[in-house]
Amino acid sequence: MSTTTDVAPYTVVIGLEVHVQLLTQSKLFCACRNRFGDPPNTNVCPVCLGMPGVLPVMNRQAFELALRAAVALNCKIARFTKWDRKNYYYPDLPKNYQISQYDLPFSSDGYLEIPVEGGTKRVGIIRVHLEEDAGKLLHGEGGKRSQVDLNRAGTPLLEIVTRPDMNSPAEARTFLEELRLLLRYLEVSDCNMQEGSLRCDANINLHVHHNGEIIATPIVEVKNMNSFRAVERAMAYEMERQYEEWKRTGARLGEVPKETRGWDENRNITVSQRRKEEASDYRYFPEPDLVPVTVTEEELERVRESIGELPAQRRLRFISGYALPEYDARVIVEQGKKFADYFERVARGLEHAKNASNWMLQDVLRTLNERGWTIEEFPIAAEKLCDLIRRVERREVNTHAAREVFAEMLEGGGDPGEIIERKGLAMVSDEDALRQVVAAVLDKNPKVIEDFKKKKGKKRAQVAGFVRGLVMRETRGKADASLVEKLVNEMIVERAGVGFDS
Amino acid sequence: MTASEIVHLTARQLRSLFEEGRLSAEEIVSAYLERIRAYDRHVGAFLLVDEEGALQQARTLDERKARGEPLGPLAAVPVAIKDVLCTQGMRTTCASRILHNFVPPYDATVIRKLREADAVLIGKTNMDEFAMGSSTENSGFQITRNPWDLDRAPGGSSGGSAAAVAACFSPMALGSDTGGSIRQPAALCGVVGLKPTYGRVSRYGLVAFASSLDQVGPFAWDVPDTALLLQVIAGHDPMDSTSVEIEVPDYLATLDQPVGGLRIGVVREWLADGVDEQVAKAVEQAIDVYRALGAKIQDITLPHSKYGIPAYYIVAPAEASSNLARYDGVHYGYRAADYDDMVDMYCRTRAEGFGAEVKRRVMLGTYALSAGYYEAYYLKALKVRRVIREDFDRAFEQVDIVLGPTSPTPAFRLGERIDDPISMYLSDVYTVTANLAGIAGISIPCGFTADGLPVGLQLLAPPFEEERLLRAARMYERETNWHTRRPDLERVVAQFEAKQSASAG
Amino acid sequence: MALTKEEVEKVALLARLRLSPDELELMTTQLNKIVEYVEQLREVDTTDVEPLAHPLPVTNVFRRDEVRPSLPREEALRNAPDHDDEFFLVPPVLE
């Protein structure tokens, strides 16, 4: 439950309608390229221009990707599915009907589990169906005429409709993050909200707890949310707005027509959109130009097998199989399939997978963020990184020196063993030699022992730390840190004649 | 050979005379163009005659022949094209003002196949606007007159194609049949017209009227030419999901083999109420011909066929209302000159661009699909459609061919039915059921009325049994000579002009 | 059940057809005649009858996910009543 519901006398109820474009080469019904960002009206042909006489033919890969997504969302897959025409006039819709699915969508009744505080929560999926995207309408300067670009027209699109199972803005956002992760894992969609390959509308209302009664307020549809953050903020805004409105009007669900509001990113508010004068009547009917599709149990089995491990399962396996803390498992998996694959290649050659996780989440991730790389662009092969960390595990090199090797590998490539050797970074763990270094440092800094005696408790540990730093500097960072710690502690106590906690 | 002799030949004869070097493609094409120039101002079969393109194509064929290159099965044969089929670079209007200037950037699959067969595309023929009508009077551009009697309609919607063949403007033509639009004008113009099984011929590039009913099909003077043209256009097309992957037999190879033990089912109710007496008589005589050939004749009943027209006038307009939504003045075609905003632009463009019948059907279809009426009309009509299909399934368990008249009347007078939509709709009463059921049908000439108007005999066969249909039709044709009669255009025009000047005086 | 002029007007807007008062009058009369005519479908008992939307029982027709050349933009725009070098142009549409 969200914190809001603890303080406010209502529960917020959110359902999402998500559209994602599928990662096919060509469009849903024609062989034009399915690609974002090309010059306007260059990926068009008679079919996606809706010219007289043209006919659609379904892209097999689009249907396969749709199946993969629906299976991963735990949906029931219809054995028989068909397409319907949704009729409405709009200049970005060349045929003035959209080929979509109405009464027999190819899948329904699924769910997605999302991580929430203290566990997971199931968000129900009402249906997933496959349809075609519309083109784009641009409003040119001066407002004299609008421009129509049909490159996007006919792009395969999945519509995913959830149950109203989310009870906080944060849950709505988490759902979207989890969905994006899943669909990217499946290579179904790149789910890029900026480029519009993932779009989201929300239905939201409140269940107000009032005088022992639970009152449902009117459902509002919120559009124009262009990022996950926008979804979260729009929901947070709308929740409070609806509560204020309810206090003012007392309006209940069903008493007023459904309102559509748009999220205004600049003003951080939702704004009521003008209601259409004409009630929509889409006049759905079976698309006569496409034949129905039947799915057999064997095909479904093949899809299930092709899916492999999903992010949620992988997180669990990382926790149980690699003994990773939950946080590490979550963050690694969230970075995407390729990142997690890389992690596994590193972890498999190590004593402790946690060491791989530390390096991945600190050094590797920091580098990727700084340089704007994906893991595929990361220049150090997993095997090389594994080699380096293994040398740390075997105490051939300490972490400090390993970072130097890492930096060298990042810039110039090369082999960890060779770099360690060339730069003389092998760990110094000869106890006698180190003892001499510590003695020399203490001789050179007699004040240290005086300080140690004067101070108490934690302050004494600080003094020891200072000495360790000097010793490390003396050994150019190559000394075995734990051995240094042991020797420094022993020798300080010896010289000062007092212990750490006296 | 004179031009007049050339235009009275069949496509097969033209093809072999060309092959044998006795006629050049240019001679053939010129003869037809001359005939069109002489008479089409009276008949009005063509919306566009591609003189230059056709002659150019003819010369190319002559050169290729001279070089000894292989030539296609329709080499040097002119084919007239209903203006509902997209022809790359050649205006395609569907006889609608809303597409008055539309030049497709692509060829319909059947057009591509014609080009590959070396046919000469001679021009685009008139039709009822978007194929909606049974008289070709709903054309947005012109009237087409029946070459047998210029006062009368050629039928429709493929009236221009039927008239073009009947007037010997072209030995063959392509049409489209949604509720009878090939068979009915074929009957009224005294030529052969075949509607293939739904899925036999690609619809890609056929401008859609009612997608689940439309099929492209051939017109010709006789059954062998019809078979020849069907052979060229039939077959699976990956661009049309509803075209079926079933092998196309060699129709001409078996055409002259009679169907052994042919069982013919006569639809009794089609020869009872509402059919013209002379039409009924001609059909009965045709039945006698089959009987004499040893066919087993039995009466059958299609109890739900009377619901064909009402079911059709829900299903077809419903699909049409959606298919025709794209004519909105945005991507091609006509756009109104004055409008207030986007919605107004749509409404005025469509109001000005569409004719009355198209508007009527778009309205009817929109209504039938709209909230609250979908189940009562559209869904009900689809259920009746299945019942009609099942009538045929039962009939074909007993017989090989179903027989009846093509049209209840011979060619009717221009203007006679135009103000009464339902009377016009009933012109298709015997043909629509084949479209609803998706089966194959043919109309062949089977006689003339006392006024010299042709009568058509309709034969129907189960899905993908075009071979059987053609053979059965050919059995009859060999015994009769109706298909060899041609209208005497010179006389018909003279009579018409005399009558015109008499009424004017 | 007869269609009123108001209903016909609503249908005309759905169909994006502007009808003059005379046309509306005539359309109402004619549509009512046709609707009355098709009402005879009610006589047919269709209990337990599945609707027939596709005449043939064909299923699962797909194409391979392959890209083929699109139209040159000039070709794509050529037939448009109003266009510039890049776009189809329409009257201003406000969200």
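A salt bridge here is a side-chain nitrogen of Lys or Arg within 4 Å of a carboxyl oxygen of Asp or Glu. This is a predicted model, where local features need pLDDT of at least 70, side-chain atom pairs count only at pLDDT 80 or more, and totals for chains, interfaces and linings use all residues. Residues are numbered from 1 along each chain as its sequence is written, chains are lettered from A and ligands numbered from 1 in the order in which they are written, and side-chain values use heavy atoms, with hydrogens and water left out.

Q: How much area do chain B and chain C bury between them?
A: On the contact count (heavy atoms within 4.5 Å), 63 residues of chain B are in contact with 49 residues of chain C. Buried area is the accessible area (1.4 Å probe) that two parts lose on being put together, summed over both. Carbon and sulfur atoms carry 71% of it here, and the total is about 5,200 Å².

Q: Which residue of chain A forms a salt bridge with Asp82(C)?
A: Chain C also touches chain A: 33 residues of chain C are in contact with 51 residues of chain A. Between these two chains the rule finds one salt bridge. Its closest N and O atoms are 2.8 Å apart, and the partner of Asp82(C) is Arg145(A).

Q: Is Thr349(B) buried or exposed?
A: Thr349(B) sits in helix α12 of chain B (helices, H or I, of at least four residues, and strands, E, of at least two, are DSSP runs numbered from the N terminus). Its neighbours in contact include Ile98(B), Tyr334(B) and Arg335(B). Buried means under 20% relative accessible area, exposed over 50%, and partly exposed in between (1.4 Å probe, protein chains only). With a relative accessible area of 0%, Thr349(B) is therefore buried.

Q: Which backbone nitrogen does the side chain of Thr349(B) reach?
A: Ala336(B) is among the residues that Thr349(B) touches. The side chain of Thr349(B) comes to 3.0 Å from a backbone nitrogen, and that nitrogen belongs to Ala336(B).

Q: How many residues does the largest nonpolar core have?
A: A nonpolar core is a set of buried Ala, Val, Leu, Ile, Met, Phe, Trp, Tyr and Cys residues joined through side-chain atoms within 4.5 Å. Leu114(B), Phe130(B) and Tyr290(B) have the most contacts inside the largest one. Phe130(B), for instance, touches residues including Cys94(B), Phe209(B) and Val358(B). The size of this largest core is 171 residues.

Q: What separates Lys453(A) and Glu450(A) in helix α14 of chain A?
A: Their side chains meet in a salt bridge at 3.9 Å, N to O. Because they are three residues apart in helix α14 of chain A, the separation is about one helical turn.

Notes. A polar contact is a pair of N or O atoms within 3.5 Å; within protein, one must be able to donate a hydrogen and the other to accept it, and residues adjacent in sequence count only if both atoms are side-chain atoms. Lists of a residue's contacts leave out its neighbours within four places in sequence.
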